[in-house]
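Let's take a quick tour of a protein chain and the ligand it holds. Have a look at the picture first, then read on.

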Amino acid sequence: MLEWSDTEALVQRTIREFVDKEIRPQVDALEHGELAPYEVLRKLFSSFGLDVAAREATEASIASQREREAAGAAAEATSDAGASTSSQEKPVKGGLFGPAGAGQEAMGLIAVTELCRVCPGLVAALGVSLGLAAGTVNARGTAAQRARWGAELATLDKIGAWAITEPDSGSDAFGGMQTTVRKQGDGYVLNGQKTFITNGPFADIVVVYAKLDDGTTDRRRRPVLTFVLDSGMPGFTQSRPLRKMGIHSSPTGELFFDDVYLEPERLLGSATAGAEGKDSARSNFATERVGVAAMALGIIEECLARCVDYANNRKLWGQPIADFQLVQLKLAKMEVARMNVQNLVYRVVETMRAERTSSLAEASAMKLYSSQAATEVALEAVQLFGGNGYMAEYRVEQLARDAKSLEIYAGSNEIQVTHIARGLLAN
Amino acid sequence: MTNIVVLVKQVPDTYSERKLAAGDNTLDREAADAVLDEINERAIEEALVIKEANEGEVTVVCVGPDRANDAIRKALSMGADKAVHVSDEALHGADILQTSKVLAKAVGTVEGVDLIIAGNEASDGRGGAVPAVLAELLGLPQLTHARKVTVEGGTVKVERETADEGITHLEASLPALISVNEKINEPRYPSFKGIMAAKKKPVEKLTAADLGLDGEVGLANAASTVLESAPKPPREAGQRVDDEGDGGVKVAEYLASQKLI
Ligand SMILES: Cc1cc2nc3c(=O)[nH]c(=O)nc-3n(C[C@H](O)[C@H](O)[C@H](O)COP(=O)(O)OP(=O)(O)OC[C@H]3O[C@@H](n4cnc5c(N)ncnc54)[C@H](O)[C@@H]3O)c2cc1C
């Protein structure tokens, strides 16, 4: 794959037009918390008919899941062999913008890149709500659970958060997890806290991972379960946004659980299969990491375009700074990074077209490289702009702060290294 | 049911530098990014709104080089049903009269047209005469510079807005031609579904010969000729008024001397 097809190029132009008209003029309001990201994202959805498409696709998929479940229950009733896991058989394979049909694999990635040229924070908020929260509910939920939470998440009518990280367990998410649930009657009682949760302060629906306190002594090995919470449940508190270095357009917060009673319908997947929650979380890692490549591409493209323009127009000693070879070196390195990351994004599309999924090691390699490339390019862009680069007006300082987040979340880059190595050394 | 033809034109993006070709003073189309003219997006939007209320079919008609195909695709992805694209090297340098003639013939290939919608003027040439000339050639009533349009049964009503006359109300029976101004509406973005669907919509490609206009069009046959062009002179420094307590009076005197107040 060498370039986008005509149709993909048209999608790219159309989204770029939307971004230029509806987002660029609003970046400051978004970054300073005067404008919630969700309104802009909903407008994006309705402008491109994505809300309607997502609603139709989710409703159809829930209906067919209902049929499978009914057939499975009937089979269970008539057969002694019984055990049917039909509800988990067919997770919906969703791109960021819902199930991707043939020829549409690239659309979500293109949108992510275009949005990231101007406002990576918006993409963090969108990606977590749609890719992680909606993605988990729609891949793991029963038809009833999906109808209750998944459908409205898929259309952005409701905003989702996805909570695994805790103050004392980030990279060591499963082992160190302190948030627990214990059985109470049919349901569970949840206690603990989460932090650095994207959309945490404002989410309507939150997917929470917690350890089952089943009395076994080795706490590190207790099973991890996945639950769906609604904002406003008794004992559930959402903090205000935390102050942070970048991606200000994406609110990040803490969640507190104080004896939150969870009815059994809030459990995603089965309570007996021990690895359930870990699988659920892990299956999101690859998707999330691959998405980072598309985000990085947007940051790199924007920085490069702005730098070329600035280098041509900024005159010193009577000549444009583009004449200086040290400036040319910066531009050349940015172009190399752009080509590499663009090729990774094409590779992701090719992988989807071949109906394969990227392995965790492969996705981790892409994440590691592209997040580093974006951070380096954006910092070099600040340098190329000189004092102007350090000023907010020229935008590259925002992209540099935003890019840095890509090296930390979706698994810190050190953790990516361990996952790449594990893939290499597995056999 | 209202069958509508929308005239669309691909123009150099107003954000890029626009210039005339050195050799023949025609538009240098390679020099700038080409886009669907924004006023045409509004024309399409209006057609789609009318179609959504009354049913019918929206056909876009475009005269322009091959790459105008991009503009046509965009119109189709917004929701137009099909397109007629007249593309011919022989049309290079066609003037307003010729373009209108070609458009008249091209519109003639579409069956059962009730309404033709155009933008009031393209952002490149800015002649603004094509809609009127075309209406004349087709013998249709022209309702130009519309900022509001309503179609009811067999009639179309518009609020016409011009700098000279302000707002006037026009009404005509269909078929008719209208041109719209930039206040008419906010055009929609093409939906993803629309973009995917646009690939399969029919685009009929025609040449001047197909329309029976061979040898009648192009720069050599144009009724008007551009003899010379010059870039806009750089802005001259303005007149400075030093405020020594009488700044307001001096500014007012200056404006009065320029007959601005
Ligand atoms: C903006 C933002 C948004 C986030 N959104 C979410 C969200 O929506 N949901 C969610 O659950 N989490 C979220 N996170 C949390 C994020 O996933 C964690 O911050 C990340 O996994 C790192 O965990 P930690 O912060 O606890 O760092 P730690 O795990 O404490 O790591 C500290 C340092 O040690 C290094 N390190 C750790 N283990 C190893 C090792 N084995 N070898 C070498 N070095 C190691 C790390 O790389 C890091 O440099 C978000 C974080 C940020 C910054």
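The shell around the ligand takes at least three residues from each of domain 2 (163-274) and domain 3 (282-425) of chain A; these domain bounds come from an automatic or database domain assignment. Keep in mind that this is a predicted model: local features need pLDDT of at least 70, side-chain atom pairs count only at pLDDT 80 or more, and totals for chains, interfaces and linings use all residues. Residues are numbered from 1 along each chain as its sequence is written, while chains are lettered from A and ligands numbered from 1 in the order in which they are written.

**Around the ligand**
- You'll find 20 residues surrounding the ligand, with T165(A), G170(A), S171(A), S412(A) and E414(A) the closest (a residue is near if its C-beta atom, placed from the backbone, lies within 6 Å).
- β3 (160-163), β5 (187-198) and α14 (413-425) of chain A are the elements that give two or more residues to this shell (DSSP runs numbered from the N terminus: helices are H or I, at least four residues; strands are E, at least two).
- Sort the shell by type and you get ten nonpolar residues, nine polar and one charged (Ala, Val, Leu, Ile, Met, Phe, Trp, Tyr, Cys and Pro are nonpolar; Asp, Glu, Lys and Arg charged; the others, Gly among them, polar).

**Where domains 1 and 2 meet**
- In chain A, 22 residues of domain 1 are in contact with 14 residues of domain 2 (C-beta atoms, placed from the backbone, within 7 Å).
- On the domain 1 side of chain A that touches domain 2, α7(A) brings the largest share, eleven residues.
- That side of domain 1 of chain A splits into twelve nonpolar, seven polar and three charged residues.

Methods. Contact = placed C-beta atoms within 7 Å.
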